[in-house]
Amino acid sequence: MKAVCWMGKEKMSVEDVPDPKILNPRDAIVRITSTCICGSDLHLYNGFMPTMEQGDIVGHEFMGEVVEVGSGISAEKLKVGDRVVVPFTIACGNCFFCHEELWSLCDNSNPNFWIAEGMMGNSPSGLFGYTHMMGGYAGGQAQFARVPFADVGPLKFPEGLSDEQVVFLSDIFPTGYMGAENCNIRPGDTVAIWGCGPVGLFAIKSAFILGAERVIAIDRFPYRLQKAQEAGAEVVNYEETDDLVQLLKDMTGNMGPDSCMDAVGMEAAGHTLPFMVDRVKQLMRMSFDRPNVFRQCIMACRKGGTISMPGVYGGLVDKIPLGQFMNKGLTLKTGQTHMMRYMKPLLELVQQRKIDPSFVISHRVPIDQAPEMYKTFRDKQDECTKVVLDPWATSKAA
Amino acid sequence: MQIGLRCGKAGVSERKRMRQNAQRNTMDKLFYSAGIHTSLRKRKDDLMTRYPSTRITSYDQESSGTDASARILTLLAGAGVAAFGLTRKSATRIAMMATGATIAAFGAFDAGEATSNTACSSAESSIIVNVPRERAYAYWRDFANFPNFMHHLKSVQVTDGRHSRWTAYGPMAKEIEWDAEITEERENERIAWRSIEGSDVEMEGSVEFTEATGRRGTLIKIEMRYSSPGGGAGQIAMKLFGKDPSFLIRQDIRRFKALLETGEVPTTEGQSHGPRSAVSNVFQAINLDEPGKKGPGRTNAARRRVS
């Protein structure tokens, strides 16, 4: 089958690899019909995530049709022919954390738990196609994928919905929604969201659903800011101001936004001195992360407010204004998305036509074009917001 | 009931995986001494040394290759300082030669000591398993289940109510066998066992089951101790288990937890991947247990690039 493989920093290639097999009783094999490139895949592409190995199949936003089911799964749970969206986190459904609905912290799904325990003290759940530290599972930018614990994760959905309407339930829609939920929004609140990528855009819509009165969206690409504006946000191009924090305070009567969301993560851009220091440190591999958005969140947030962090970070970070964080009495909420908590309720929103997630899509291409789309997406060329890959179409050039 | 069926099913693929794990340990040893790692394996070793506090188990080992080589290094360093002293002027020469000789003496003394010891290692670990105490106890009480989560074991045959015959994977496709007996048994509380006298491998172990706080299931504490009176298969066993017993036991007990909670042990062994790097391919190509047989997930035949 065709699969997008990580072959090194800035090297993705489409390889012909063996089809996946059932390895455990609770596995299923899914024939993938739509799969996407996620912003967090760009961290892999740029080589900033530790424990990738050459040849790893990437991709964690996919959906398709079940073609094989392991002996440990009953037919009511899942059967051949079911159309499913597969969440990017892998969860067993049996451990303490799954029972607490902290699905992305599942205790049993990461076979390489020892790497994560070494790095973080404890291991989060396994993820598809996202480093060996997170399990080393083959990803879903391929024609088929093996889905472990398939009686827990994959969401069946009814007839009449297109791939484009449901595929984002695999990651970015629930991630944006949980990001907004983590903002502790109360009616009338103002929420500032850094990053108008797909997660940021879903977070804007979700924040309004959860009762926010104002959403301020921050980015530097006009086409993304325009999408944010269409979603109902007030927009700020941070490149047009020297003091973003002051600007946000000015926009909120000196209070600062009630909640600030870092939907950017480890590879934040910027044009001020602290950003340049981060950039140099990251290039010298002294640090995996460039935390300048998080710094701005702390400085801008209103006293007693909440910071939500759906953006992905990799490791140790310094130069965080922790004293400011403490003295302002802020709360920080973060984590990989507890997918199974959100997929069903959000599917209902889609079915009720309250939201059409396909609004984020900017590119639909055959899987063969994945390597070049990584570059396009990374460099924000061609107004790229979200790339959906068709694993079965062949490109005209080939 | 469901669990029992699944475990039986998992058994077959488990065995295959165990073999690979045993082989990997051997490979680690071989390549470690030659200073070669795959990036991932090196990272594991780095992590284990850099963040020792993350081990929840204690680890003591009276003799290990790393210690011995450190001492030999000391010896060489001392000799180096002394030799360098020879090239200096009189006063410095004497001072440096004296210092160097002292360092070398420490090294020589230690190096001699390090290689003459009998080997012994022990490890302990604990974990909360989200199942009732009776179930955890019952699964452990059937020693034939051990290879399902202790991947260095090929099989454990229960010969009678108290006795069992253990077969472990050793380096170079050798198998090591010994007999063990149960020395203590308190239902749903504690099991202890040890190898019978005269075995090549002297081992003892115990496991305790208590209610975890907050109704989180069963707290399991395990202790294992291996020692070898020197020479023969026992020494080989030490090399296998001696690498880092606390790491191995931690893996075992995590697998036990996964098996009881979910009915299977999570794995990626045998999944597909694209072409690996040259170093990684060497690791996969050399298969000491079954030379010439390719490992699972190999994609050399599929290296063709899709245009």
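This is a predicted model: local features need pLDDT of at least 70, side-chain atom pairs count only at pLDDT 80 or more; totals for chains, interfaces and linings use all residues.
Helix α5 (residues 172–181) of chain A packs against α12(A) at an angle of about 105°. Their axes, lines fitted to C-alpha atoms over the stretch in contact, lie 9 Å apart. Angles run from 0 to 180 degrees between N-to-C directions. Because 65 to 115 degrees counts as roughly perpendicular, α5(A) is roughly perpendicular to α12(A).

Residues are numbered from 1 along each chain, chains are lettered from A, and side-chain values use heavy atoms, without hydrogens and water.

The largest nonpolar core has 97 residues. Such a core is a set of buried Ala, Val, Leu, Ile, Met, Phe, Trp, Tyr and Cys residues joined through side-chain atoms within 4.5 Å. Buried means under 20% relative accessible area (1.4 Å probe, protein chains only). Helix α12 (residues 339–351) of chain A gives the largest share, eight residues. Another core, of 36 residues, lies apart and includes W140(B) and Y226(B).

Now for confidence. The model scores ipTM 0.91 and pTM 0.78. Chain B averages a pLDDT (the predictor's confidence in each residue, from 0 to 100) of 68.

| Stretch of chain B | pLDDT | Contacts beyond four places in sequence |
|---|---|---|
| residues 1–15 | under 50 | 23 contacts |
| residues 110–117 | under 50 | eight contacts |

Notes
Contact means heavy atoms within 4.5 Å. Buried means under 20% relative accessible area, exposed over 50%, partly exposed in between (1.4 Å probe, protein chains only). Helices (H or I, at least four residues) and strands (E, at least two) are DSSP runs, numbered from the N terminus. Angles under 35 degrees count as roughly parallel, over 145 as roughly antiparallel, 65 to 115 as roughly perpendicular and the rest as oblique.
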